[in-house]
Amino acid sequence: MIRKIIAVCLVSAAVVSCKKETAVSDIKPVNDSIAKKETPEDQYKPIDTACSSENKTEDYITALQWYRTKIDKEIAGNSPEQNNKVYEDYVKIRDKYTECFNDSQTEILDKYIDYHTGPDTYNLPDNIKKMAAEFSKVGLEFREMGEGLTEIHSLPGYYESVFKNKVTPDYAAYISQMAKDNKENYAVNGGLLITWEELGGRLIEWENFINKYSQSPLIKKAKDNYHNYLLDYLLGMDSDRIYDSEEGKIYDDKREAYNALIKKYPNSNTAKKTKELIAAFDAHIPVDQIGEKINLRR
């Protein structure tokens, strides 16, 4: 089950731990075979994606700006299939730089909650305002994750804005759904932050993707997203259970949400598994055996 605070970033653009190693990106400066005078942009080399205490915030910002300029030029002349690969490489690069930001700005991130003065209002010191403005230029933001935790993340719709109409339909659908999923935080400390109905909706969206793009290179990531959501939906979370442990029955509000999904999407796999769950509880099968009973293994 999903047990992490971050949902926004479910599932698919996995953050690789920063290590003292060279960058693994396939995106490299293009060498023109025709001799020409190099511009300052040509001479610039972005900092390594391996985290280093010697790198400053402005170094990462400059590198991210350079990559964005390079990506925009590259995708303009590429085929959609080529841009699929560009997208995957670009996500890896940005994830690594973002991880370095989170590692290097722990003091600011630990105090960020103190600047929160109300719903979506903050009284930020000038240095934090300046940093937030710089982040915004490269599609990053400070994001409160709940329970006093703040992290630096890519804006939910960032990749969609970069690659819209530039990739194949399956990649476009995947990027769009990830943007929707990451628009709001998913869970905190084992408790769902979206409604049960919204969780069911995410399941249907990913199920539709899997059915429509079964041969997509993204199918494994899509199935991972679907399976993780399904586990939470059917088995609940540590702080958001689906059943009354004393009476051994599904809570009324959860059952109502389940029945609404079954009625709306009767032929879906999600509806099938949900009906199996309800039947298992109604048959008083021990809770610890239900997951096995309805076959939620991969």
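A residue is called buried when its relative accessible area is under 20%, exposed when that value is over 50%, and partly exposed in between, with a 1.4 Å probe and protein chains only. By this criterion, buried residues make up 44% of the 298 residues in the protein. The structure is a predicted model, in which local features need a pLDDT of at least 70 and side-chain atom pairs count only at pLDDT 80 or more, whereas totals for chains, interfaces and linings use all residues. Residues are numbered from 1 along each chain as its sequence is written, and side-chain values use heavy atoms, with hydrogens and water left out.

The protein contains 12 helices and 8 strands, these elements being DSSP runs numbered from the N terminus (H or I with at least four residues for helices, E with at least two for strands). Of the contacts with a separation of 6 or more, 66% are between residues 24 or more positions apart, a contact being defined by heavy atoms within 4.5 Å. The protein exposes about 16400 Å², of which carbon and sulfur atoms supply 49%; accessible areas come from the Shrake-Rupley method with a 1.4 Å probe, and for residues only the protein chains shown count as cover.

Helix α2 was examined for its length and its buried positions. The 21 residues of this helix (residues 57-77) should span 30 Å at 1.5 Å a residue, which agrees with the 31 Å between its end C-alpha atoms; the expected span is 1.5 Å times one less than the number of residues. The buried residues of α2 include Tyr60, Leu64, Trp66, Tyr67 and Ile71. Tyr60, Trp66 and Tyr67 also belong to a cluster linked by ring pairs, together with Tyr97, Phe101, Tyr112, Tyr115, Tyr122, Phe135 and Phe142.

A pair of aromatic rings is described by the distance of the centres and the angle of the planes. Rings of Phe, Tyr and Trp (its six-membered ring) are taken to pair if their centres lie within 6.5 Å, with planes under 30 degrees apart counted as stacked, over 60 as edge-to-face and the rest as tilted. The structure holds 24 aromatic pairs. In one of them, the ring centres of Tyr90 and Tyr159 are 6.1 Å apart and the planes stand at 90°, so the pair is edge-to-face. This pair links distant parts of the chain, since Tyr90 is in helix α3 (residues 80-104) and Tyr159 in helix α6 (residues 158-163), 69 residues apart. Tyr90 counts as buried at 0% relative accessibility, and Tyr159 counts as buried at 10%. Tyr233 and Tyr258 likewise form an edge-to-face pair, with 5.0 Å from centre to centre and 80° between the planes. Because Tyr233 lies in helix α9 (residues 219-235) and Tyr258 in helix α10 (residues 252-264), the pair ties together parts that are 25 residues apart in sequence. Tyr233 is buried at 1% relative accessibility, as is Tyr258 at 0%.

Charged side chains were also found over aromatic rings, the criterion being that NZ of Lys or CZ of Arg is within 6 Å of the ring centre and within 35 degrees of the ring normal. Arg94 lies over the face of Tyr158, at 3.8 Å from the ring centre, and the charged end of Lys254 sits over the ring of Trp196, 4.6 Å from its centre. Lys254 is placed in helix α10 and counts as buried at 7% relative accessibility. Apart from residues up to four places away in sequence, Lys254 touches Trp196, Asp240, Arg241 and Ile242.

Side chains of opposite charge can pair when their charged atoms come close. With a salt bridge defined as a side-chain nitrogen of Lys or Arg within 4 Å of a carboxyl oxygen of Asp or Glu, a search of the whole structure finds 13 salt bridges. Lys254 forms one of them with Asp253, the closest N and O atoms being 3.9 Å apart, and Asp253 counts as partly exposed at 47% relative accessibility. Asp240, Asp253 and Lys254 are linked in a network of salt bridges. In helix α3, Asp89 and Lys85 are 4 residues apart and thus separated by about one helical turn; their salt bridge has its closest N and O atoms 2.9 Å apart. Asp89 is buried, with a relative accessible area of 7%, whereas Lys85 counts as partly exposed at 39%. Glu141 and Arg143 meet in a further salt bridge (3.7 Å, N to O), in which Glu141 is partly exposed at 21% and Arg143 is buried at 7% relative accessibility.
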